[in-house]
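The following note sets out several points on the structure shown below.

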Amino acid sequence: MNGSDTAPGRKSRGRRIVLWRHGQTAWNLERRFQGSTDIELTETGVAQARRAARLLASLKPDAMIASDLRRAAATARELAVLTGLDVTHDAALRETYAGAWQGLTHDEIIGQFGDQYAAWKRGEPVRRGGGELETEVADRAAPVVLAHADKLADHGTLVVVSHGGTIRTTIGRLLGLESYHWEGLGGLSNCCWSVLGEGARGWRLLEHNAGTLPEPVLGDDD
């Protein structure tokens, strides 16, 4: 399986996709699973977004799409102010819906859903808290990203402002990786990003968790 729209042997259009995780929230600090819960940025999260936006603006992006949840929308807004780009918000870019897990801390999840958590960590397809499978998140998010990337001119850059889990599953899908291996992509720190570049054989990962010196990953799937 190849998640790219570039067929083998076809000349690359040289496009780039920057997948940017939102800034810090209070629930990130508490290691509380956010999922699709609509949580705002902290003051630190806003400052992170402003700093990252200054760096990303230097890439001269051509288009930007974002999750419609407030933490992603507020992050995207900082780059929009600097670049003048319009932001297209799409619910398909939201974080994984995780049902009963949402609002629980990491320790509470292990205490209440230990078997489910262990199965997920083993790479089994698990509806965490009765919510979405990771493959279902990729099913809704990756096509939106590809559709907007396809609108770019040759060598254009698309910025996607989303969430840790959704970004990981989207990268896995676009790289053509089997879902079992998606966990092998490390998490993104708040307001860090990954870059996919278009090669002759499809999308490839150029940078991952870029933007700062290494920092702890807080609340990976949120």
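**Notes on the fold and an aromatic cluster**

1. Among contacts in the protein chain (heavy atoms within 4.5 Å) between residues at least 6 apart in sequence, 73% join residues at least 24 apart. The model is predicted: local features need pLDDT of at least 70 and side-chain atom pairs count only at pLDDT 80 or more, whereas totals for chains, interfaces and linings use all residues. Residues are numbered from 1 along each chain as its sequence is written, and side-chain values use heavy atoms, with hydrogens and water left out.

2. The protein chain contains seven helices and six strands; these are DSSP runs numbered from the N terminus, with helices (H or I) of at least four residues and strands (E) of at least two. Their order from the N terminus is β-α-α-β-α-β-α-α-α-β-α-β-β. The radius of gyration of the chain is 17 Å, close to the 17 Å that the globule rule gives for 222 residues, so the chain is as compact as a globular protein of that length. This radius is taken over C-alpha atoms, and the globule rule is 2.2 Å times the number of residues to the power 0.38. Along the principal axes, the C-alpha atoms fill a box of roughly 50 × 40 × 30 Å.

3. Of the 222 residues in the protein chain, 52% are buried; buried means under 20% relative accessible area, exposed over 50%, and partly exposed in between (1.4 Å probe, protein chains only). The accessible surface of the chain comes to about 10000 Å², and 51% of that area belongs to carbon and sulfur atoms. Areas come from the Shrake-Rupley method with a 1.4 Å probe; for residues, only the protein chains shown count as cover.

4. A search of the whole structure returns five aromatic pairs. Rings of Phe, Tyr and Trp (its six-membered ring) pair if their centres lie within 6.5 Å; planes under 30 degrees apart count as stacked, over 60 as edge-to-face and the rest as tilted. One of the pairs is Trp101 with Trp120, edge-to-face at 6.1 Å centre to centre and 80° between the planes. This pair links distant parts of the chain, 19 residues apart: Trp101 is in the loop between strand E3 (87-89) and helix H4 (106-112), and Trp120 is in helix H5 (residues 114-121). Trp101 counts as buried because its relative accessibility is 1%, and Trp120 counts as buried at 10%.

5. Tyr117 and Trp120 have ring centres 5.7 Å apart and planes at 65°, so this pair is edge-to-face as well. The two residues are three apart in helix H5 and therefore separated by about one helical turn. At 17% relative accessibility, Tyr117 also counts as buried. Together, Phe33, Trp101, Phe113, Tyr117 and Trp120 make up one aromatic cluster.

6. Thr96 is in the loop between E3 and H4 and counts as buried at 2% relative accessibility. Leaving aside residues up to four places away in sequence, Thr96 touches Phe33, Gly35, Ser36, Gln102, Arg128, Glu132, Val137, Arg140 and Thr166. Thr96 and Gln34 are 62 residues apart in sequence, with their C-alpha atoms 8.9 Å apart in space.

7. Where does Ala72 lie, and is Ala72 buried or exposed? Ala72 belongs to helix H3 (residues 70-83) and, at 0% relative accessibility, counts as buried. The residues touched by Ala72, not counting those up to four places away in sequence, are His22, Ser67, Val161 and His163.
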